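Have the viewer open and follow along.

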Amino acid sequence: MDSIKFDKLICKNMKSIFGFALTRLENVTEAECLASDILYEIIRSAQNLKDEERFYGFIWKIAENTYMDYLRKKARNASRTAELDKNLADESESALEDIVKKEELNLLRRELSLLSKQYRDTTVLYYIENFSCSEISQKLNISTEMVKYYLFRARKIIREGMDMERLYGEKSYRPSSFEIDFWGTKSGDDLEYRDFQRRKIKGNILLAAYYTPVTIQEISIELGVALPYLEDEISLLIDRGYMTYKGGKYQTNIPIFTLDCSKAIDEKLSVLTKNAAKRFTDAIDKFDSRFGSRFENQNLARWQKILLCLHYSLINTEHALEKKYSELPDDGPYSILKDGGRGIIWGRSFETSTSMDDDLPHGIQGIYNGCHSSDNCGSVIAMNFRQTLNAQHFEYQMTDSVVNTALGFFESLSSDWQKILDDLGYAKGGKANFAVWTYEEYTELRDILTECTDIVSELNQKTSEVAANITADFAPANIRKTAEYVGAFVYRFNSIENLVNALFDIGWLKPLNDKDKPAVCVIKN
């Protein structure tokens with residue numbers, strides 16, 4: 001083998017060799033000594049390696065042999081430094097044999113845990129539970145010849161595996177936090193999606209198989225989880241369409257906003273958002289002079305202004321996404337839900353924060369961009385941002401009561417609803433404690449706020465475009481088109497959140513009193 005190439009391979013695997021030593025000795029100093037011995041033996045034996053493809057088997061065999069020699073030397077040194085009688089030398093050899101046997105048993109168990117189900121079941125029944133081949137044949141409902149084949153293959157796989165070094169992946173000790181979300185024409189089984197927020201294993205399986213197709217054994221090693229515990233989870237992911245299986249390998253079938261992807265998008269959007277916020281605050285309109293006197297203070301007037309601009313912007317850009325990226329896909333994982341519907345599903349990995357803000361909500365907590373009352377006498381526009389939740393938290397079921405309050409019919413509400421609105425601050429003295437606009441004023445406001453709305457709409461479209469491109473670039477080829485759509489769709493709403501955050505950070509928007517109702521209004525029909 002070419003010496004230059006050999007040296008490069010050695011350098012590439014130095015970290016893995018040290019990892020091999022550290023997992024066995026659990027002492028950094030001793031591990032460094034063992035790793036040095038292994039490297040020395042590999043270099044010394046280099047001339048024995050004729051076939052480049054056997055490199056990894058070659059180095060890990062040397063590593064195992066060097067490790068065994070290290071244990072023997074350590075045992076001999078220990079026996080020399082202690083006051084022992086003649087017979088104890090034999091006990092030392094026996095202790096060494098026990099160590100070696102234990103190490104081999106651990107390797108055997110490791111390889112057994114990596115066997116696929118048919119091989120593992122056959123091997124356990126034959127070698128551990130002492131079933132005969134014919135008994136196994138009946139129990140597993142397969143032919144006796146197939147039992148013998150599985151046993152033959154399993155022995156070969158285990159033997160080869162025990163000669164290999166298998167270092168667990170990073171996710172075995174530091175699993176990624178993961179969440180899944182969806183959007184579609186029907187809500188689907190909401191509990192199924194939320195389950196991902198509580199269980200790390202499904203999300204990390206998807207992350208392990210995201211960029212390239214992998215075997216179930218590779219997933220097992222990356223996660224540090226034995227196959228018997230993975231098989232049902234992977235089967236569920238396949239059934240739901242979140243993963244595909246082809247040629248003995250698995251690959252994730254939904255877009256994921258990985259840490260690197262999210263970071264790249266956020267960096268690009270940061271500049272866009274700051275520029276949009278500057279333009280927004282510099283824009284001159286007639287909002288303050290025409291309607292500013294309706295609000296108790298300038299801060300409430302500004303929250304109402306940004307709410308209306310975001311509302312008009314969402315209307316303006318409602319069909320822009322479909323024109324550029326087509327409609328919601330109807331052939332992805334979402335379509336297999338039992339109640340039908342078209343939609344998209346995506347995942348997001350994120351770093352677990354240790355800050356004091358862990359339990360605080362982030363981003364938009366709800367967008368209600370025109371909820372009509374049941375009698376169609378009015379509609380509610382409301383957006384719940386994290387900065388407004390101490391004062392306002394609107395929910396869809398409040399629509400009729402809030403509209404009736406705006407129309408002057410508070411007294412006609414049930415006593416329960418009167419108490420709820422009073423307690424939340426939506427009503428004060430039987431009157432609406434939030435902005436109420438006539439339809440004529442709503443139309444006038446749209447004209448007055450045209451420049452600011454256009455700034456928001458432009459930010460919305462540019463945000464979608466940036467996110468679509470980056471998400472597609474970071475996605476594997478098999479789902480690149482879907483990833484582009486998901487990036488555009490998800491970040492369309494993030495542009496709203498980002499702009500409000502920027503305006504809040506520069507002090508244009510300020511904190512609120514608990515009884516204020518900043519980002520809600522009723523349009524009377």
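Let's start with Thr215: its relative accessible area is 19%, and since anything under 20% counts as buried, Thr215 is buried. Keep in mind that this is a predicted model.

**Thr215 and its surroundings**
- You'll find Thr215 in the loop that links helix H10 (200–208) with helix H11 (216–223).
- Once neighbours within four places in sequence are set aside, Thr215 is in contact with Gly248, Lys249 and Tyr250.

**Ala46, another loop residue**
- Ala46 sits in the loop between helix H3 (28–44) and helix H4 (55–81).
- Ala46 touches Phe6 and Phe58, if you skip residues up to four places away in sequence.
- Ala46 and Ile59 are 13 residues apart along the chain, with their C-alpha atoms 9.5 Å apart in space.

**Helix H12**
- H12 covers residues 227–240, which makes 14 residues.
- From first C-alpha to last, H12 reaches 20 Å, close to the 20 Å expected at 1.5 Å a residue.
- Which residues of H12 are buried? They are Leu227, Leu230, Glu231, Glu233, Ile234 and Leu237.
- A handy reminder when looking at that list: with 3.6 residues a turn in an α-helix, residues three or four places apart point the same way.
- Just after H12 comes Gly241, which takes a positive phi of about 85°.

**Where H15 meets H20**
- Helix H15 (residues 298–316) packs against helix H20 (residues 450–474) at an angle of about 55°, and their axes are 8 Å apart.
- That angle is why H15 and H20 are classed as oblique to each other.
- The crossing of H15 past H20 is right-handed.
- On the H15 side, the contact uses Lys305, Cys309, Leu310, Tyr312, Ser313, Leu314 and Asn316; on the H20 side, Cys452, Thr453, Val456, Ser457 and Asn460.
- Sorted by type, the residues of this H15–H20 contact come out as six nonpolar, five polar and one charged.

**The whole protein**
- In total there are 21 helices and 11 strands.
- Of the protein's 525 residues, 45% count as buried.
- Among contacts with a separation of 6 or more, 74% join residues 24 or more positions apart.

Notes:
Residues numbered from 1 in each chain as written. Predicted model: local features only at pLDDT ≥ 70, side-chain atom pairs only at ≥ 80, totals over all residues. Heavy atoms only, no water. Axes fitted to C-alpha atoms, helices over the stretch in contact; angles between N-to-C directions. Helix = DSSP H or I, 4+ residues; strand = E, 2+ residues; numbered from the N terminus. Parallel < 35°, antiparallel > 145°, perpendicular 65-115°, else oblique. Left-handed = near helix turned anticlockwise from the far one by under 90°. Contact = heavy atoms within 4.5 Å. Nonpolar A, V, L, I, M, F, W, Y, C, P; charged D, E, K, R; others polar. Expected span 1.5 Å × (residues − 1). Buried < 20%, exposed > 50% of the residue type's maximum accessible area, 1.4 Å probe, protein only.
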